[in-house]
Amino acid sequence: MNGGGGSSAGSAVTRAGAVRDALASITLLLGVAYQAIVEAANIVRQVATCARLQRGGRPMRLQDKVAIVTGAASGIGRSTAMLFAREGARLVLNDIDAQGLEALVLQMLKKRARTVAGNGR
Ligand SMILES: NC(=O)c1ccc[n+]([C@@H]2O[C@H](COP(=O)([O-])OP(=O)(O)OC[C@H]3O[C@@H](n4cnc5c(N)ncnc54)[C@H](O)[C@@H]3O)[C@@H](O)[C@H]2O)c1
């Protein structure tokens, strides 16, 4: 009588072991896939950098950075904003001189600067 119960318990243990093994394999595979994706992203980034350098450019130092510049409509703030835009920064610009700020934003958009937001008084 016990033989049947023992066999069923044994097969349940075997199934549990198989499930555990399958989960371990899936976890391992996911880890490997994640690593592969990270490696691929690195390679794509390196190839893009090489291509840019081959075109005579150099890597932009503020790529993917966000900079907030106050007093951006003139003087030091304006020069800073222009320099940061050339280096690939996404800019949030502020000045109480709304007209001056608008002129700067228009000029930057013509030069295809990345996301520019202006805010007057
Ligand atoms: N230019 C220099 O050689 C020099 C040297 C040392 C210190 N500084 C100081 O650096 C600062 C900037 O100089 P600058 O020559 O670029 O002056 P600037 O007058 O050309 O530019 C200042 C900008 O700030 C804006 N502004 C003023 N108050 C503001 C506020 N509350 N919020 C937002 N924007 C505001 C103005 O509208 C203007 O566009 C000044 O405080 C200046 O005294 C300048």
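Which elements are included in what covers the buried residues of α2? The cover includes β1 (66-70), β2 (90-94) and α3 (98-110). This is a predicted model, in which local features need pLDDT of at least 70, side-chain atom pairs count only at pLDDT 80 or more, and totals for chains, interfaces and linings use all residues. Residues are numbered from 1 along each chain as its sequence is written.

**Overall fold**
- The protein chain has three helices and three strands, in the order α-β-α-β-α-β from the N terminus; helices (H or I, at least four residues) and strands (E, at least two) are DSSP runs, numbered from the N terminus.

**Helix α2**
- Helix α2 has twelve residues and reaches 17 Å from its first C-alpha to its last, close to the 16 Å expected at 1.5 Å a residue (1.5 Å times one less than the number of residues).
- Arg78, Ala81, Phe84 and Ala85 are buried in α2.
- These buried residues fall within an arc of 130° seen down the axis of α2, so they line one face of the helix (the arc is that of the directions from the helix axis to the C-beta atoms).
- Exposed Gly75, Ile76 and Ser79 lie on the face turned away from the buried side of α2.
- Gly88, with a positive phi near 90°, follows α2.

**Ligand shell**
- Helix α2 (residues 75-86) gives the most to the shell around the ligand, with three residues (a residue is near a molecule if its C-beta atom, placed from the backbone, lies within 6 Å of it).

Note on methods:
A residue is buried if 20 or more other C-beta atoms lie within 10 Å of its own, exposed if 12 or fewer, and partly exposed in between; C-beta atoms are placed from the backbone. Two residues are in contact if their C-beta atoms, placed from the backbone, lie within 7 Å.
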